[in-house]
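Please keep the sequence and the structure in view while reading.

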Amino acid sequence: MPTESTFLLAGLFILLAIAGWALGRFGDRDEPEAPPPLNIDYLKGLNFLLNEQTDQALEHFLKMVRVDDKTIETHFALGSLFRRRGEVDRAIRIHQNIIARPDLAADQRDQALYSLARDYQAAGLLDRAENLFARLAEGSRYQVQSLEHLCRIYEQEKDWEKAIDAGHQLEQIGGRSLALQIAHYYCELAEAAAADNDYAAARSFVKKAQTGRPRTLRGALTRAHIARAMNDTSTALSLYNRIINEHTYLIAEALPEIVAIYSSEGKLDELDKAIRAMIEDDETMSTLVAYTSIINDLGGIPAIDEAVEQYVLNEPTLSEFVDLERLATGLGAEQGTMEKIRRALSKLAASTPRYQCQECGFSSQRLLWQCPSCRSWETQRPARRVQFDTVLQHSITSR
Ligand SMILES: [Zn+2]
C-alpha cells in the first residue's frame, strides 16, 4: 500500500509535471524545442512511485531531469524527502546529480553541497560530511548551519579540541554565546586527561571551562574528583562544600563522595551541620537528599536519616501499605519497620531511571551531561522521588 511519503513524492512529481507544462505553455517562446503540454516523462515517474517502484522512479528521474532554475527547488525537495524517509543513498544520488551540472550557479552549488553533507551525516559518513561542512563554513550562506553540524560531528567523534574551535567560530559568526556548551567541551577534555592521570592538563582544562558565563558546576565537580584522585582532600572538600552551599541538583552526584571523605576524615559532625543548614535554608533539598541517600544507601548521619524518615512519612503511595501514623512515633518495632522500608525503597529505586532530560524526557540510570536524544547540554535532572508507578508497571509487565 502506498505510504504517506509515497504520496508526498508523488505530489512532487505532479509539481514537476505542472512546472514542465507551465514551461511549455508560458515559457520562452523563442525556444524551438519547448516541452509539450504535461510532460509524459513526469507521469511515467509518478506511475512508478504510485506502484512503489522507487528505484525505477529514481533512475527515470535522474535520466530525464534537466536541472534549471525553474525546477531545481523541486529536485532539492525530492532529495530531502528521500533523506527524511531514511533512503539516504537515493538522496545522495539526487544531490550528486545536481552538483554534476556544469551550469550551476554558485549559490545553488552551495545548497547542493550542504544537502549532500547532510546526507553523508545521516548515512554516518562523518569524514565526508565534515569535509563538506568545513568547506561551507569558510564562506557561504550555510556558514552558521555548517558550524552547528560540525559541532555535532565533533561531539559524536569526541574530538573536543575541534568542537571548541567550531564553537568559538559559531559564537563569532552567529552572534550568540555558546559558553555553556564550550565549557562542557573543556570538561570532557579535563575528564579524559584525568583518566590518563595527567592531572596538570586536567586542571588547566577545568580552568578554561570556568571562564565563560553561564558557568557550569560540572567544572567544580570535575575539579573535586581530580583533587580526590590526587589525595588532596581539603581542596576536594571545599569544592564539594561549594556544591552543597549552592543547593544544586548536583548534590545527587556529590553527596556519596562527600560522605566518604567526611567519614574517612572523622568529620561527620561537620557534614551533619552543613546538610542541616542547607535543608533549613531550602526545604526542597530535603527530598533530594533523602532520595540520593536511599539510592546510594547512605546513612548514620542524623540530618540525612531525618530527611529519609520525612520522605517515607510523606510518600502517599506508601500509606496504602504501611500505617504511617504509627510509624511516625518511631518507637521500638516501628524503628525496625522504617529500616526495612528504607532498604526496600533502595532496591526499588535501583530499578527505575534516576535522571530525566528536562527538554525531551529521555531518562537514564546515571547522569549524562549531554542528552543522547536531543543533544542538549546539562538538561538532565535527578528524580526526587522513587517512581512507584514505573516500578509497579514494570513488575506487572514482567510477570
Ligand atoms: Zn533530551
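Does His184 count as buried or exposed? The model is a predicted one, in which local features need pLDDT of at least 70 and side-chain atom pairs count only at pLDDT 80 or more, while totals for chains, interfaces and linings use all residues. Residues are numbered from 1 along each chain as its sequence is written. A residue is termed buried if 20 or more other C-beta atoms, placed from the backbone, lie within 10 Å of its own, exposed if 12 or fewer do, and partly exposed in between. His184 has 23 C-beta neighbours inside 10 Å and therefore counts as buried.

His184 belongs to helix α10. Helices here are DSSP runs of H or I with at least four residues, strands are runs of E with at least two, and both are numbered from the N terminus. Two residues are in contact if their C-beta atoms, placed from the backbone, lie within 7 Å. When neighbours within four places in sequence are left aside, His184 touches Thr216, Arg218, Trp369, Gln370, Trp377 and Glu378. Between His184 and Ala209 there are 6.9 Å from C-alpha to C-alpha, although the two are 25 residues apart in sequence.

The whole chain may now be considered. It contains 20 helices and three strands, and 34% of its 399 residues count as buried. Of the contacts between residues at least 6 apart in sequence, 49% join residues at least 24 apart.

Several helices can be examined in pairs. Two packed helices are described by the angle between their axes and the distance between the axes. The axes are lines fitted to C-alpha atoms, for helices over the stretch in contact, and the angles run from 0 to 180 degrees between N-to-C directions. Helix α10 (residues 179-195) pairs with helix α9 (residues 160-174): their axes come within 9 Å and cross at roughly 165°. The two are therefore roughly antiparallel to each other, a term for angles over 145 degrees, whereas those under 35 count as roughly parallel, 65 to 115 as roughly perpendicular and the rest as oblique. The crossing of α9 and α10 is left-handed, that is, the near helix is turned anticlockwise from the far one by less than a right angle. Trp160, Ala163, Ile164 and Gly167 of α9 make this contact with Gln181, Ile182, Tyr185, Glu188 and Leu189 of α10. By class, the residues of the contact of α9 with α10 are six nonpolar, two polar and one charged; Ala, Val, Leu, Ile, Met, Phe, Trp, Tyr, Cys and Pro count as nonpolar, Asp, Glu, Lys and Arg as charged, and the others, Gly among them, as polar.

A second pair is formed by helix α5 (residues 88-99) and helix α6 (residues 106-122), whose axes come within 9 Å and cross at roughly 160°. That angle makes α5 roughly antiparallel to α6, and α5 passes α6 in a left-handed crossing. On the α5 side, Val88, Ala91, Ile92, His95, Gln96, Ile98 and Ile99 meet Arg109, Ala112, Leu113, Ser115, Leu116, Asp119 and Ala122 in α6. The contact of α5 with α6 comprises nine nonpolar, three polar and two charged residues.

The strands form an open sheet with the order β2-β1-β3 and antiparallel pairing. Strands β2 (363-364) and β3 (380-382) stand at the edges, each with a single partner strand, so one side of each has no neighbour in the sheet. Two strands pair if DSSP finds at least two bridges between them; two bridges join β1 (residues 355-357) to β2. Within this pairing, Tyr355 stands opposite Ser364 in β2.

Most residues other than glycine have a negative phi. Asn197, however, has a positive phi near 65°; this residue is in the loop between α10 and α11 (199-209) and counts as exposed, because 10 C-beta neighbours lie inside 10 Å. Arg375 also has a positive phi near 65°. The place of Arg375 is the loop between β2 and β3, and with 15 other C-beta atoms within 10 Å Arg375 is partly exposed.
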